[in-house]
Amino acid sequence: MTNIDVTENFLDIYTGSQAPGCYAWIFPKSKRAANVGLGVIGSKLHRKMPIDYLNEFVSKNVPEGQPVELVMGGVPVSDALKNIVSNGLMLIGDAARHTEPSSGGGIPTAIGGGAIAGEVAQKAVHQNDSSVRVLKEHETRWHTSFGKIHKGMYKIKEFRRELSDDGHNELIRLFKDLKPQMSAIEILSLRSARRLLVANPKLLFLAPHLPLIRKHILFASERPQ
Ligand SMILES: Cc1cc2nc3c(=O)[nH]c(=O)nc-3n(C[C@H](O)[C@H](O)[C@H](O)COP(=O)(O)OP(=O)(O)OC[C@H]3O[C@@H](n4cnc5c(N)ncnc54)[C@H](O)[C@@H]3O)c2cc1C
């Protein structure tokens with residue numbers, strides 16, 4: 001969209017009922033233009049189409065904006081596939097359900113999986129063997145690297161799905177309160193965690209993944225543009 005006032009280098013993200021199960025965003029492109037959009041989870045739609053949520057979001061937050069292009073599509077936000085190789089076949093990206101489930105962002109993980117698959121493909125060519133025996137390395141390496149974060153983010157997504165708007169605010173507060181190296185017990189004793197636990201007791205299952213997720217989120221936000 002153009003003709004809108006945005007703060008450059010500042011990502012505006014809205015979670016909760018405005019974008020059920022996912023989030024809405026205003027990502028600046030320049031001083032007067034931004035990528036404005038939202039993601040929704042099909043099972044959380046309340047007799048409305050995704051475009052209805054987008055129109056409501058735009059009317060509320062950037063009513064003066066001029067749309068220049070409309071892009072839409074679907075992304076998998078499930079748990080990653082366990083088996084991603086077969087004889088002569090390696091899956092990466094959306095086909096392997098590698099999209100980061102909490103955000104729907106699948107470009108970094110598709111590139112990461114692609115890099116692993118490329119290296120394994122090179123070995124297969126050199127050994128003249130593209131059977132599962134050689135290609136299995138792709139699967140193992142993905143699950144022990146990107147796969148760990150993916151699992152945590154899937155749990156976050158499942159957890160967020162059930163939260164009210166107040167619960168979403170508490171989750172953001174909890175992320176602000178997390179400190180590096182905190183144990184699950186220490187996390188659960190934070191005031192924001194105790195309030196969130198009342199909103200959704202499944203936090204107990206999520207807690208062990210939070211330190212890794214926090215590290216991942218900070219790492220992503222500190223990466224040079
Ligand atoms: C509206 C929208 C916004 C998004 N925004 C972001 C974002 O901001 N950041 C982010 O990280 N992710 C985003 N994603 C998700 C991201 O686009 C995907 O996760 C990512 O593109 C997956 O990469 P991929 O290579 O697995 O699949 P794709 O990018 O879908 O590539 C698959 C390719 O295969 C081709 N193909 C399909 N069938 C065949 C066939 N039979 N023969 C030959 N070719 C074929 C397709 O044409 C396509 O070019 C967004 C998705 C959507 C829909």
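Tutor: Start with A19. Leaving out residues up to four places away in sequence, A19 touches Y14, A24, L38, G39, V40 and Y53. Keep in mind that this is a predicted model.

Now step back to the core around that residue. A19 and L38 have the most contacts inside the largest nonpolar core, which has 14 residues. Three elements each supply at least two residues of this core: strand 2 (23-30), strand 3 (33-38) and helix 1 (50-61).

Look at strand 3 next. Its side chains alternate. A34, V36 and L38 point to one face and are buried. Strand 3 pairs with strand 2 in the antiparallel sense, over 6 bridges. Within strand 3, G37 stands opposite W25. A hairpin of 2 residues joins strand 2 to strand 3.

Where does this part sit in the whole? The protein is divided into domain 1 (1-74), domain 2 (85-149) and domain 3 (162-222). The C-alpha centres of domain 1 and domain 2 lie 32 Å apart. The ligand lies between these two domains, because both give residues to the shell around it. That shell holds 14 residues, and the closest are G73, G93, G105, G106 and I107. By type, the shell divides into 7 nonpolar, 6 polar and 1 charged.

Now move along the chain to R160. This residue is found in helix 4 (residues 146-161). R160 has 21 other C-beta atoms within 10 Å, so it is buried. The cut-off for buried is 20 or more. Leaving aside neighbours within four places in sequence, R160 is in contact with T15, S102 and L171. R160 and G21 are 139 residues apart in sequence, yet their C-alpha atoms are 6.7 Å apart in space.

Two backbone angles deserve a look. Most residues other than glycine have a negative phi. N3 has a positive value, near 65 degrees. N3 is found in the segment before strand 1 (12-15). N3 counts as exposed, because it has 12 C-beta neighbours inside 10 Å. R97 also has a positive phi, near 60 degrees. The place of R97 is the loop between strand 5 (89-90) and helix 2 (107-127). R97 is buried, with 21 other C-beta atoms within 10 Å.

Finish with the whole protein. Its secondary structure comes to 9 helices and 5 strands. Read along the sequence, the pattern is β-β-β-α-β-β-α-α-α-α-α-α-α-α. The C-alpha trace spans about 60 × 50 × 40 Å along its principal axes. Of the 225 residues, 28% count as buried. Take the contacts with a separation of 6 or more: residues 24 or more positions apart account for 52% of them.

Note on methods. Residues are numbered from 1 along each chain as its sequence is written. This is a predicted model: local features need pLDDT of at least 70, side-chain atom pairs count only at pLDDT 80 or more; totals for chains, interfaces and linings use all residues. A residue is near a molecule or strand if its C-beta atom, placed from the backbone, lies within 6 Å of it. Ala, Val, Leu, Ile, Met, Phe, Trp, Tyr, Cys and Pro count as nonpolar, Asp, Glu, Lys and Arg as charged, and the others, Gly among them, as polar. Domain bounds come from an automatic or database domain assignment. Helices (H or I, at least four residues) and strands (E, at least two) are DSSP runs, numbered from the N terminus. Two residues are in contact if their C-beta atoms, placed from the backbone, lie within 7 Å. A nonpolar core is a set of buried Ala, Val, Leu, Ile, Met, Phe, Trp, Tyr and Cys residues joined through C-beta atoms within 7 Å. Two strands pair if DSSP finds at least two bridges between them.
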